[in-house]
Amino acid sequence: MEAAHPPVSGATLAIDSPQQMQELGRRLAKILRPGDLVMLTGELGAGKTTLTRGLGEGLGVRGAVTSPTFVIARVHPSLVGGPALVHVDAYRLGGGLDEMEDLDLDVSLPESVVVVEWGDGKVEELTDDRLHLLIHRVTGDTDDDRRTVVLRGIGPRWADEDLGVL
């Protein structure tokens, strides 16, 4: 018997500027809740940290959201009684879930919103439910701010969420 596949929902959005990417993060924050895992995939400079900055604003967390490349993970506590934002950059982690387990994300996940940049193949086992955003440059011109963002909600948590309204 074939294993059941988790439900998947999705949407594709056109983004024309860093300001729009940050605004997408603010809008996305309105539908996120404690326990949500958000995976961000895109090349360097695609807008992953810009989107996360908007998430931080929308969640009302403390501290400037910057790329956690050198600290691997940064926790931003809520200033408004909501979930904390745990921002992880898994780019330099090569060991998959073993190295991710050292960060104790499974402890943080139930009460936080966890955003992982470069998490493909590294964090999927943390939870059956996750929101995966793939950020693509529209053209090869690195000076062009246009992006296509593909949102894929995986698992029961996202089955009834209309990501197209973002």
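Buried means under 20% relative accessible area, exposed over 50%, and partly exposed in between, computed with a 1.4 Å probe on protein chains only. The model shown in these views is predicted, so that local features need pLDDT of at least 70 and side-chain atom pairs count only at pLDDT 80 or more, while totals for chains, interfaces and linings use all residues. Residues are numbered from 1 along each chain as its sequence is written, and side-chain values use heavy atoms, with hydrogens and water left out.

**View 1. Helix α1 and its buried face.** Helix α1 covers residues 18–29, helices being DSSP runs of H or I with at least four residues and strands runs of E with at least two, numbered from the N terminus. Met21, Gln22, Leu24, Gly25, Leu28 and Ala29 of α1 are buried. Seen down the axis of α1, these buried residues fall within an arc of 150° (taken from the directions from the helix axis to the C-beta atoms), so they line one face of the helix.

View 2. Arg26 forms a salt bridge with Glu23, their closest N and O atoms being 2.9 Å apart, where the term means a side-chain nitrogen of Lys or Arg within 4 Å of a carboxyl oxygen of Asp or Glu. Both residues lie in helix α1, three residues apart, about one turn of the helix. Glu23 is partly exposed, with a relative accessible area of 29%, and Arg26 is partly exposed at 28%.

**View 3. The pair Arg157 and Glu161.** The side chains of Arg157 and Glu161 meet in a salt bridge of 3.0 Å, N to O. Arg157 is buried at 11% relative accessible area, whereas Glu161 is partly exposed at 23%.

Technical notes. Expected span 1.5 Å × (residues − 1).
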